[in-house]
Amino acid sequence: MAESKPNDAAGVGPVPTWRSEGDKVILVGRRCRSCGKVSFSGTRYCDVCWGESFEAVDIGSSGTLYSFSEIHVAPKAFKTPYVIGYVDMSEEVRVFAQVEGSAATLTPGATVEATVGPVRYDENGDAVESYKFRLGGPKNG
Ligand SMILES: [Zn+2]
């Protein structure tokens with residue numbers, strides 16, 4: 001069975017998360033209560049001031065593809081080839097995630113939208129779903 005539920009209801013935990021509005025996927029980051037820096041991070045601490053208290057903040061449903069690479073050699077859990085990239089979202093947050101398509105179909109600066117889909121496969125061969133990106137979305141989303 002695929003795991004597709006968002007990680008944390010409050011959206012403020014150490015694990016990056018998302019929520020859906022219709023077919024729109026909105027990534028939920030966190031704002032440090034000490035210094036105000038917004039991040040989309042899996043670490044326990046703020047990467048600026050080491051604060052440990054955060055509030056949830058939407059970082060948008062689409063962004064700009066900053067850079068990407070096509071992966072051809074990967075652990076067994078991943079089906080190659082696949083593309084990983086950095087996407088610039090609102091609140092000056094750069095998100096690292098898989099991007100659908102091949103490197104030949106993508107260009108730096110392209111508008112991409114958040115989606116949820118398989119990113120790897122567990123030991124039973126079942127898809128594990130998480131946030132990722134695909135081409136599309138509003139220009140200033
Ligand atoms: Zn901070």
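How many bridges join S5 to S8, and do these strands run parallel or antiparallel? Keep that in mind while we walk through this predicted model.

**Start with the whole chain.** Color by secondary structure and you'll get 9 strands and 0 helices. Of the 141 residues, 29% count as buried. Among contacts with a separation of 6 or more, 49% come from residues 24 or more positions apart.

**Now color by confidence.** The average pLDDT is 87, and 86% of the residues score at least 70. Select residues 1–11: here pLDDT is below 50, although the stretch has 22 contacts in the model beyond near neighbours in sequence.

**Select S5 and S8.** Here's your opening answer: 3 bridges join S5 to S8, and the two strands run antiparallel. Click threonine 64 to find one end of a bridge; its partner in S8 is threonine 111.

Pick threonine 115 and look across to lysine 132, its bridge partner in S9.

**Go inside.** Show side chains for Leu27, Leu65, Val87, Val95 and Val99, which have the most contacts inside the largest nonpolar core, a set of 23 residues. Nonpolar side chains tend to be buried together in soluble globular proteins.

Center on valine 87. Leaving out residues up to four places away in sequence, valine 87 touches Gly63, Thr64, Leu65, Tyr66, Val95, Ala97, Val112 and Phe133.

**Finish in the loops.** You'll find proline 81 in the loop between S5 and S6.

Next, jump to tryptophan 50, in the loop between S3 (38–39) and S4 (54–60). Its phi is near 70 degrees, a positive value in a residue other than glycine. Buried or exposed? Tryptophan 50 counts as exposed because it has 12 other C-beta atoms within 10 Å, and the cut-off for exposed is 12 or fewer.

Last stop: glutamate 92, in the loop between S6 and S7. Glutamate 92 has a positive phi too, about 55 degrees, though it isn't a glycine. This residue is exposed as well, with 10 other C-beta atoms within 10 Å.

Note on methods:
Residues are numbered from 1 along each chain as its sequence is written. This is a predicted model: local features need pLDDT of at least 70, side-chain atom pairs count only at pLDDT 80 or more; totals for chains, interfaces and linings use all residues. A nonpolar core is a set of buried Ala, Val, Leu, Ile, Met, Phe, Trp, Tyr and Cys residues joined through C-beta atoms within 7 Å. A residue is buried if 20 or more other C-beta atoms lie within 10 Å of its own, exposed if 12 or fewer, and partly exposed in between; C-beta atoms are placed from the backbone. Two residues are in contact if their C-beta atoms, placed from the backbone, lie within 7 Å. Two strands pair if DSSP finds at least two bridges between them. Helices (H or I, at least four residues) and strands (E, at least two) are DSSP runs, numbered from the N terminus. pLDDT is the predictor's confidence in each residue, from 0 to 100.
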